[in-house]
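Q: Please take a close look at one part of this model. What surrounds it, and how is it held among its neighbours?

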Amino acid sequence: MTPDRQAKAKQRAKTFIRAWRKHRDMNLEQAVERLELEVGYPYSVAQLSRVERGETGYSQDVLEALATIYRCEPADLIMRDPAAGEAIWSIWDQLQPVQRIQLVEIGQTLKKTG
């Protein structure tokens with residue numbers, strides 16, 4: 001990698017794209033096969049690997065397709081580590097709809113009362 005590309009890669013924020021792929025027990029080849037079906041154009045294992053390592057950017061289409069493939073939200077791929085089991089979003093995922101409402105109410109009460 002050239003020094004210019006290294007500098008750009010360092011400027012990119014860390015993502016959790018690779019962590020989500022691994023969390024869903026997929027290898028790069030499987031992910032790329034599904035990604036190509038979602039986006040409707042060829043995508044290579046090397047391209048996805050570079051995106052995962054932060055060496056190259058990604059389009060909104062690719063981010064949304066990966067979120068569909070990994071059964072998460074696009075924002076999760078950017079800012080949520082699926083391995084962080086005690087994080088609030090990991091707990092949220094495990095709750096039933098009525099429990100989510102209760103959790104929001106608890107959070108609102110906590111915010112008001114400090």
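A: Thr15 touches Glu52, Tyr58, Leu77 and Ile78, leaving out residues up to four places away in sequence (contact: heavy atoms within 4.5 Å). The model is predicted: local features need pLDDT of at least 70, side-chain atom pairs need 80 or more, and totals for chains, interfaces and linings use all residues. Numbering runs from 1 along each chain as its sequence is written, and side-chain values use heavy atoms, without hydrogens or water.

Thr15 sits in the loop between helices H1 (3-11) and H2 (17-23) (helices: DSSP runs of H or I, at least four residues, numbered from the N terminus). Its relative accessibility is 15%, so Thr15 is buried (under 20%; exposed is over 50%, partly exposed in between; 1.4 Å probe, protein chains only).

Follow Glu52 next. This residue belongs to the H4 side of a helix pair: H3 (28-39) packs on H4 (45-53) at about 105°, axes 9 Å apart (lines fitted to C-alpha atoms over the stretch in contact; angles run from 0 to 180 degrees between N-to-C directions). The two are therefore roughly perpendicular (65 to 115 degrees). H3 supplies Leu28, Glu29, Ala31 and Val32; H4 supplies Val45, Leu48, Ser49 and Glu52.

Now Arg80, in the loop between H6 (74-79) and H7 (88-94). Arg80 is buried as well, at 10% relative accessible area. Beyond four places in sequence, its contacts are Phe16, Trp20, Ala75, Trp89, Ser90 and Asp93. With Asp93, the side chains form a polar contact of 2.3 Å (N or O atoms within 3.5 Å, one able to donate a hydrogen and the other to accept it; sequence-adjacent residues count only if both atoms are side-chain atoms).

Conventions. Angles under 35 degrees count as roughly parallel, over 145 as roughly antiparallel, 65 to 115 as roughly perpendicular and the rest as oblique.
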